Amino acid sequence: MLELLLEARKSAELTQEQLAKRLGKPQSFVSKYERGERRLDVIELLQVCKQVGIDPHSIIQALE
């Protein structure tokens with residue numbers, strides 16, 4: 001899942017800092033979940049997907 005979210009952020013041409021600002025979080029929030037140091041809960045996953053412009057269902061389907 002982390003790789004998919006990282007790919008999505010890069011495809012949206014967003015830096016970690018830009019995404020974090022959109023989420024109202026510090027840059028370290030994005031860095032930590034992208035490195036696997038922190039897990040995202042469902043609400044956070046939905047927020048990240050919205051901000052990078054991807055369908056959360058596509059992430060879940062890719063995991064199956």
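Q: Is Arg38, at 28% relative accessibility, to be read as buried, partly exposed or exposed?
A: Because its relative accessibility is 28%, Arg38 counts as partly exposed (buried is under 20% relative accessible area, exposed is over 50% and partly exposed lies in between, with a 1.4 Å probe and protein chains only). The model is predicted, so local features need pLDDT of at least 70 and side-chain atom pairs count only at pLDDT 80 or more, while totals for chains, interfaces and linings use all residues. Residues are numbered from 1 along each chain as its sequence is written, and side-chain values use heavy atoms, with hydrogens and water left out.

Q: With which residue does Arg38 form a salt bridge?
A: Side chains of opposite charge can pair when their charged atoms come close. Here Arg38 pairs with Glu44, their closest N and O atoms being 2.9 Å apart (a salt bridge needs a side-chain nitrogen of Lys or Arg within 4 Å of a carboxyl oxygen of Asp or Glu). Glu44, at 10% relative accessibility, counts as buried.

Q: How many salt bridges does a search of the whole structure find?
A: The search finds 3, among them one between Arg9 and Glu34, with an N to O distance of 2.6 Å. Because Arg9 lies in helix 1 and Glu34 in helix 3 (residues 27-35), this pair ties together parts that are 25 residues apart in sequence (helices are DSSP runs of H or I with at least four residues, numbered from the N terminus). Arg9 and Glu34 are both buried, whereas Glu37 and Arg35, which meet in a salt bridge at 3.0 Å, N to O, are both exposed.

Q: How do the axes of helix 1 and helix 4 cross?
A: The axes of helix 1 (residues 2-11) and helix 4 (residues 42-52) come within 9 Å and cross at roughly 30 degrees, the axes being lines fitted to C-alpha atoms over the stretch in contact, with angles from 0 to 180 degrees between N-to-C directions. The two helices are therefore roughly parallel to each other (angles under 35 degrees). Leu5, Ala8 and Arg9 of helix 1 make the contact with Leu45, Val48, Cys49 and Val52 of helix 4, contact meaning heavy atoms within 4.5 Å.

Q: Which residues of the largest nonpolar core touch the most other members?
A: Of its 15 residues, these are Leu5, Leu19, Val30, Tyr33 and Val48 (a core is a set of buried Ala, Val, Leu, Ile, Met, Phe, Trp, Tyr and Cys residues joined through side-chain atoms within 4.5 Å). Helix 4 gives the most to this core, with 4 residues. Leaving aside residues up to four places away in sequence, Leu19 touches Arg9, Leu14, Val30, Tyr33, Val48, Gln51 and Val52.

Definitions and conventions. Parallel < 35°, antiparallel > 145°, perpendicular 65-115°, else oblique.
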